[in-house]
Structure formats: C-alpha cells, structure tokens
Amino acid sequence: MADHGIGRVAVIGAGTMGHGIAQAAAMAGHDTVLCDVDAAQVERALARIEATMDKGVRLGKVAETARDGALARLAGTGGLREAVEGADLVIEAVPEVMALKKRVFAEVEAAAGTRTILATNTSSLSVTGIAAGLAAPGRFLGLHFFNPVHIMALVEIVRGDHTTIRTLNTALKFVAGLGKEPIVVTDSPGFASSRLGIVLGLEAIRMVEAGVASPEDIDKAMVLGYRHPMGPLRLTDLVGLDVRLEIARHLHESLDSEAFRPPALLERMVAGGRLGKKTGRGFYKWDDGP
C-alpha cells in the first residue's frame, strides 16, 4: 500500500450498511470483497447491490460502464481470512454488540497485513473500547457511514485514543475518494451525529406517544419548517427501530441522561416486530417490506 493510499477494501458484514459500503468502495474504483458468515446473506447483498446500480442506470444517474466496472471489482466470500488477506483497509459492519466487534477484530488483526487499516462502522460504541486488546490500536478508527450509503454524503471519522495521524490522514483521503464529505470527531458516546440524531428521534417518538401529532405531521414539521431532508420518524424506520433502541439504551447508560431514555412506545414496537422498513411496518407502512 502506498503512503496514504487505499487499494483493496474488505467489508465484514453483508447487512444493510455492509453492502452499501461495499458498493461505494467498488464504485470508487477499489477492488472490494464483501464477507459474511452467512453465505446466503452475501448472495442477497450482492444481488441488492446490482439491483441498486441497475436502478441508477435506468434513472440516468449511473453510467453503464461505471456499473459494469464496479460489479467486476466486487466479490463476496464467507471466509474472513480470505477477505482480509491483501486488503489495505478492512471495514467492519456487524451488529452493534461490543463483544462481537472485538471478536471480529481479533480475527481480522491476526489475518491482515501489518499496515492494514482497521475501521468500524459503529454508530455509537466506543472506538477505543473496540480496539482494546489489539496489538496495534494506532491503525484503528471509526468510519461511520450513513444509510443509504450510496446516497448519503456524510462519513463520520472517529479518532480513538490511540489512532495515529497517518491512519487519520489515510481515512480522510479514502473518504474523499468515495466522493463523500468527512467530519472528524473524538471518541465520545454517540459521537456527533448519533448523539444529535437520536435525541431528536426519541423526542419525536414521545410526541407520537403523547398524541401531539401524527408521525406524518411531525416529520413534515421538520422537513418544511427546518429544511431537514427527511423527518426523524421516517428516518427511524429506515435505520431500524431495533437499531435506534439499542443506541438509545447505550447512550442513556453512557451519558446518564434522561434525554436518551427509550420511550415506552419504541420498546413496544420493537417487541412487536415493527422494526421499520425492513419488516414492512414501523411508524409508516412500507410496500417493499417482507
């Protein structure tokens, strides 16, 4: 790997965020491998990437040559070692469970090259905490992408306690090469985006719970009154109510703030399987849900 350069990218976890990150990397010219322990999930993710690109071509937003080139640079595997060997950057996008992320990175570090940069896509967990136990925590940082990755311009770069300047500069160049805008934040609960976004989303849920207004009108207030591109409840549906609930619980405990206490309505909806777009029902009904 050239100084401050990223060639091959490995993405661990083929869920919503993982496949989006892999698509962005391949579209930007990186040889990219998407890895998941569930082989069927990898196949579904690759099919979704191709479908998203095909839609981009139909809408005139993606050139056919760009789509074909990206698909040629993209591969999938169920083997972690196979995925990370030779990679210049490994991005983890597995569920928001600290023990799971630490276990994944222990395996990644054992298989990756000594100069490979390691990144987590966590939206709220401590980057320094995830890196604890690694032999070289200086090459570790957070790369927090936003859903849907191929549309959202922001990437939050989270600098852990041991992240080196070289690692940070390499990440900045990589994110710019994806055509996205980075912000750099220190490792603190919720970083910048999740901390602000969650508190707004939770208050919107409390408003629904109290009968202040409908989800549609609450969202309309923020879209038309504050020029947000999307209302907080629709965004919660897209992110996943279960994901929002876990982040809220983590921030409530970490920051000891009642602003992040999960509303009872959110707890009930998650318990009832109303998780948002991925289940077809959240605060809205989604036609393409299962």
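A residue counts as buried when its relative accessible area is under 20%, as exposed when it is over 50%, and as partly exposed in between, using a 1.4 Å probe and protein chains only. By this definition, 47% of the 290 residues of the protein are buried.

The model is predicted: local features need pLDDT of at least 70, side-chain atom pairs count only at pLDDT 80 or more, and totals for chains, interfaces and linings use all residues. Residues are numbered from 1 along each chain as its sequence is written, and side-chain values use heavy atoms, with hydrogens and water left out.

The protein contains 12 helices and eight strands, which are DSSP runs (helices: H or I, at least four residues; strands: E, at least two) numbered from the N terminus. Its radius of gyration is close to the value from the globule rule, so the protein is as compact as a globular protein of that length. The radius is taken over C-alpha atoms, and the rule is 2.2 Å times the number of residues to the power 0.38.

| Quantity | Value |
|---|---|
| Radius of gyration of the protein | 19 Å |
| Globule rule for 290 residues | 19 Å |
| Box filled by the C-alpha atoms, along the principal axes | roughly 55 × 45 × 35 Å |

Contact means heavy atoms within 4.5 Å. Of the contacts with a separation of 6 or more, 66% are between residues 24 or more positions apart.

One residue can be described in detail. M230 lies in the loop between α9 (215-225) and α10 (232-239). M230 counts as partly exposed because its relative accessibility is 28%. Leaving aside residues up to four places away in sequence, M230 touches V223, L235 and L238.
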